Amino acid sequence: MPALPYPVARLLDAALVGELTVVGRDGRPITYPMTPVLWSERIYLTSSALDSTKIAHIKANPRTSFSITQTGATGSVGGRVTIQCDARVSEDDLHEDWERLIPAWSKKDPSVRAMIGSRLAFPLLSERILIELTPRKTWYWPDGDTQKPPQATVAAEVAR
Amino acid sequence: MSPSLRLPGVRSRHSNGADPAAEAVSAADASPAAEAVSAADASHAAEATSAPLLEPGEAPGTQPEQGSDPRAERAPEPEPPRPTPTPDAVRVAAAAGFSPVDLEASTRPRARRRQPVGEARADGGVPIAEDGEALAGRLRGLTAVEDALARLVAFDDVVLSWIAEDGYPMNVAVRAEVAPQDDTIRFDGPAGFQIHGRHVAVTGTHVRPLPDGGFDERSHVTVWGRVTARPRGRFVLHPDRAWIWDDAELPLPAAYERRLPKARRYFEELSRERGYRVRPRMDPRQLLFRATRAPFLSATWVPVLVGLAIAAQEGHFDPATAFLTVVAASSVHLGLNAANDVFDTLAGADDANETPTRFSGGSRVIQNALISVGQMSALALACYGVAVALGLVLFALRGSFALAGLAALGVAISVGYTMPPAKLVYRGLGEVATAVGFGPVMLLGAYVVQSGGSVSPGAVVASLPIGLLVAMILYVNEIPDRAGDAGVGKRTLPVRLGKREVVLGFDAAVASAFAVVGLGAVAGTLPLSCLLALMAIPLSLEVHRGLVRDYENPYALTHTMALNIRLHFTVGVLLWFGYVAAITDQTLLHLRPFVG
């Protein structure tokens, strides 16, 4: 299991979507809805070259947070979580690098495979930057009620 | 389609027509939008194409000057034409390779968004966020902040984001209420976090999970502002900036095109960082196929093969030179396509075109950063080089003054089509140039290679309907490009004329083509068997109906453009069969005058 509390890992596995918040140029937070893939103890997201602004923000400031707040998009798994992360972008091979996520991603969203099929018509949809999030701290609300104090965890402590 | 999931925290009053969010939704219904679109003229669209891409948090017009009233900074503006989603667009764009889920999302009637919202929103499948221009609000004369607040009414649970003391951003779901009376958002602060006095973002996101996996109906609304504390743990946010994205208001193909300049900038920046050129990749064969627009070769093969058939029917046919003729003519056509992309890119026409389809707007390989202008120029020169070399071989083998004249005319038309100083297509002569080049020049050129220089009346007459119909391919394909073309001074006929005149022009050209075939056959200039070509008349009527129905909708018109290409191909093939029947009769059946 990754260096994350088990319920948090379950939520990440189940979540169709979550929200990535980055620090914008002007210091304000900017939130992007994205599909998370939990793999090898890290959270992976992808962004096409068409939507590369978030990549510029992450390169300028890798501090991010990722939350799962939409209780309807996590199937039968309940709860909410916010994960403070350090982000890293991988731009070595925009064409193929991200494709290793396809097996896990397509389980959540089968249309991903159709996107690859449309490469001739929309080539840049399939040129994607990989975003790797390394969790630092988590705040978990088992019943999803953020008015109650969360269960806070430092991710590295779980790993120990 | 599956019903939207009704989730905890989603209000049940969304279907109430009195609900402010429902009002906003109904204002964004496709029909009123379509009316607004059709009322706007092409020049508005050209202005729209030059608008910079919008980003969350930096959308022009949504960031008021310091101290100004954010609601007053954005007056209602004339709305540029936008592609109007129709159910047809789903089918048509699906044929272009879109994922069904995304097509459905991008073409869905806006009114369906009255279903419960508030579950989630993602850009995982096909991410098309980062464009904050909301059509619905602008049509209603709302500021971006007002529009965003009207949409946020639909959400009970939103994501509150801020920058924490340690410099990391935080985002937590909170229950929020929009207070329309003072344009604020009120919410309970999340337990254990200090947010008083901070700049925060409040984001409402939505997708509709689908039963077989994935999601559709993506939308995303964010407002920014400083938060202040109220008694009993409540907070209030006065938004000063907003950002809105809704799939339903901009079809995916248009959203894709809008993002291309940003994507090119990204690749340029990445190339600078890396110190070497970074480009998107495509299989070289697919790239060549797309760059040369090879499927359009039917426009060349039809006149050449008919010309060869006429020559054969008249007793002149040499397989080797016939083959070389087909290859040479194809090379000219591919070179023309590549050169056309180069000059349209240099003129800005292809960049200005936000609604290209698979039949119009060029190959887009330069716009997609797949190859450079220089590489495309080299491709055009290579194609022309092959054509010239083969032309010289043909001239050496079957040279004649007629062939020289036709070749010179063909080269002049091909080069002058988009290249300065002639720029025929920019002067409204593109249709005429195409009719001549892909009609008489191609057909008679193929014919005289075989005949050794003589020209028969039958060949001249047969070239006319083919020329007219191939010009109609260009003519119809220019309809969705007219906004971008107008913006760069490309005065094509659809730019100069209104819908009624354009449709009338099509009808007249097609009727003339069929009339030439009929009269030519009756007069004995063409074999009677060429009357087979009249079987394509129902297809032409279908194209007419498609033009009338889908004139304003580029994506729906794609189907009509395909039919129109099929019309040219069908008439050409039937004429060719007419000549093959005549040849068969001459050599085997001797049924003249019934077919020959």
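Trainee: How many bridges join β1(A) to strand β5 of chain A?
Mentor: This is a predicted model. In it, β1(A) and β5(A), residues 63-68, run antiparallel. One bridge pair is A:Glu19 with A:Ser67 in β5(A). The number of bridges between β1(A) and β5(A) is 3.

Trainee: Which residue stands opposite A:Val22 in β2(A)?
Mentor: β1(A) also pairs with β2(A), residues 29-34. The two run antiparallel, joined by 6 bridges. Opposite A:Val22 stands A:Ile30.

Trainee: Which residue in the turn between β1(A) and β2(A) has a positive phi?
Mentor: β1(A) and β2(A) form a hairpin. There are 5 residues between the strands. One in the turn has a phi of about 85°, and that is A:Gly27.

Trainee: How many residues of β1(A) are buried?
Mentor: Take the faces in turn. A:Gly18, A:Leu20 and A:Val22 lie on one side and are buried. A:Glu19, A:Thr21 and A:Val23 lie on the other and are buried too. For strand β1(A), residues 18-23, the count is 6 of 6.

Trainee: Why is chain A as compact as a globular protein of its length?
Mentor: Chain A has 5 helices and 8 strands. Its C-alpha trace spans about 50 × 35 × 30 Å along the principal axes. The globule rule gives 15 Å for 160 residues, and chain A comes close to that, so it is as compact as a globular protein of that length, with a radius of gyration of 16 Å.

Trainee: What share of the contacts in chain A with a separation of 6 or more comes from residues 24 or more positions apart?
Mentor: Along the sequence, the pattern of chain A is α-β-β-β-β-α-β-β-α-α-β-β-α. Of its 160 residues, 56% count as buried. Among contacts with a separation of 6 or more, the share from residues 24 or more positions apart is 70%.

Trainee: On to chain B. In what order do the strands of its closed barrel run?
Mentor: The barrel has 6 strands, with antiparallel pairing. The twist from one strand to the next averages 45°. One of the pairs is β1(B) with β2(B), joined by 7 bridges. The barrel order is β1-β2-β3-β6-β5-β4.

Trainee: Which residue of β6(B) is the bridge partner of B:Phe187?
Mentor: β3(B) pairs with β2(B) in the antiparallel sense over 4 bridges. There, B:Ile185 is the bridge partner of B:Val178. β3(B) also pairs with β6(B), residues 234-246, antiparallel over 4 bridges. In β6(B), the partner of B:Phe187 is B:Phe235.

Trainee: Which residue in the hairpin of β2(B) and β3(B) takes a positive phi?
Mentor: The hairpin has 4 residues between the strands. The phi in question is near 50°. The residue is B:Asp183.

Trainee: At about what angle does α7(B) run to β6(B)?
Mentor: Helix α7(B), residues 144-152, is mostly covered, with 9 of its 9 residues buried. Charged names are on that buried list, including B:Glu146, B:Asp147 and B:Arg151. The helix lies across β1, β2, β3, β4, β5 and β6 of chain B. To β6(B) it runs at about 100°.

Trainee: Which element supplies the largest share of the side of chain B that touches chain A?
Mentor: In all, 67 residues of chain B are in contact with 60 residues of chain A. Elements that each supply at least two residues include α5, β1 and β4 of chain B. The side divides into 36 nonpolar, 18 polar and 13 charged residues. The largest share, 7 residues, comes from α8(B).

Trainee: Over which residues of chain B is the pLDDT below 50?
Mentor: The model scores ipTM 0.93 and pTM 0.72. Chain B has a mean pLDDT of 76, and 75% of its residues reach 70 or more. Where pLDDT is low, the predicted coordinates should not be read in detail. In chain B, the stretch with pLDDT below 50 is residues 1-133.

Conventions. Residues are numbered from 1 along each chain as its sequence is written. Chains are lettered from A and ligands numbered from 1 in the order in which they are written. This is a predicted model: local features need pLDDT of at least 70, side-chain atom pairs count only at pLDDT 80 or more; totals for chains, interfaces and linings use all residues. Two residues are in contact if their C-beta atoms, placed from the backbone, lie within 7 Å. pLDDT is the predictor's confidence in each residue, from 0 to 100. Two strands pair if DSSP finds at least two bridges between them. The radius of gyration is taken over C-alpha atoms; the globule rule is 2.2 Å times the number of residues to the power 0.38. A residue is buried if 20 or more other C-beta atoms lie within 10 Å of its own, exposed if 12 or fewer, and partly exposed in between; C-beta atoms are placed from the backbone. Axes are lines fitted to C-alpha atoms, for helices over the stretch in contact, and angles run from 0 to 180 degrees between N-to-C directions.
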